[in-house]
Amino acid sequence: MQNDEGQSTQSIHHIVYCSKAAHHMDKEALEKIIATAKHHNPRFGITGLLVFGSGIFFQWLEGPKDNVSSLYKMISADSRHSDVVLLTKEDEFRERLFPNWDMELVAAEDISAVLEDAMHEASDSKQKSTLSNMLQELNKGPLGK
Ligand SMILES: Cc1cc2nc3c(=O)[nH]c(=O)nc-3n(C[C@H](O)[C@H](O)[C@H](O)COP(=O)(O)O)c2cc1C
C-alpha cells in the first residue's frame with residue numbers, strides 16, 4: 001500500500017518497554033548491547049532505538065510481530081537489566097518510525113529532540129500521533145524530567 005507521498009506502508013508491530021539497568025552498566029557494557037543489536041536486528045527486520053539515562057532503559061522495537069515478540073522475550077530475560085515494564089504493544093498499518101536504525105543508542109537528554117524531529121518528518125498521521133503519544137508518555141516519566 002502507498003501513502004500520499006508514494007512511500008509504502010506495512011503492518012508494523014511495535015513494543016515499547018522500560019527497565020532498570022544492572023549496577024555495572026557503563027559505556028562499554030552499553031556498546032556491547034548495541035553491537036549485538038546491530039548484528040541481529042537487520043536479519044529479523046527489526047529497527048528501533050534504545051534510550052539510556054539515570055540507570056533506566058527505554059527501548060522502542062518495531063518490525064514483524066513474531067520477530068519483535070521473540071526478541072522482546074529474549075531481552076526481558078537478560079540479566080543486564082531488571083524490572084522490565086511493557087509500556088506499549090501494538091500492531092499498526094504505517095511506515096516504520098525509525099527505518100534506518102537497526103538499533104540506535106540515544107542519550108536520555110536527547111530523546112525529546114529525536115522524537116520531535118521524527119514527528120516533524122513523519123509523513124502519515126498515525127506516525128505523528130504515535131510519536132506524540134510517546135512524547136507525552138516520556139514527559140510524564142523519569143526520563144523526561
Ligand atoms: C536493554 C537491552 C536491550 C537489548 N536490545 C537488543 C536488541 O535490540 N537486539 C538484540 O539482538 N539483542 C538485544 N539485547 C541483547 C539480548 O538480550 C540478548 O543478549 C542477545 O540478543 C543474545 O545475542 P547473542 O546470543 O548473540 O549473545 C538487549 C539487551 C538489553 C539488556
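Let me begin with a definition: a residue counts as buried if 20 or more other C-beta atoms lie within 10 Å of its own, as exposed if 12 or fewer do, and as partly exposed in between, with the C-beta atoms placed from the backbone. What we have here is a predicted model, in which local features need pLDDT of at least 70 and side-chain atom pairs count only at pLDDT 80 or more, while totals for chains, interfaces and linings use all residues. Residues are numbered from 1 along each chain as its sequence is written.

I will start with strand β2, residues 47-53, where strands (E, at least two residues) are DSSP runs numbered from the N terminus. Five of its seven residues are buried, so β2 is largely enclosed by the rest of the structure.

Two strands pair if DSSP finds at least two bridges between them, and β2 pairs with β3, residues 56-63, in the antiparallel sense over seven bridges. In the hairpin that β2 and β3 form, two residues lie between the strands, and Ser54 takes a positive phi near 50°. With β5, residues 104-107, β2 runs parallel, joined by four bridges. Leu49 has Trp60 as its bridge partner in β3, and Leu49 also stands opposite Glu104 in β5.

That brings me to Val106, which lies in β5. Is Val106 buried or partly exposed? Val106 is partly exposed, because 18 other C-beta atoms lie within 10 Å. Leaving aside residues up to four places away in sequence, Val106 touches Leu49, Val51, Ile111 and Val114, where contact requires C-beta atoms, placed from the backbone, to lie within 7 Å. Finally, Glu95 is 11 residues from Val106 along the chain, and their C-alpha atoms are separated by 21 Å.

Notes. Two residues are in contact if their C-beta atoms, placed from the backbone, lie within 7 Å.
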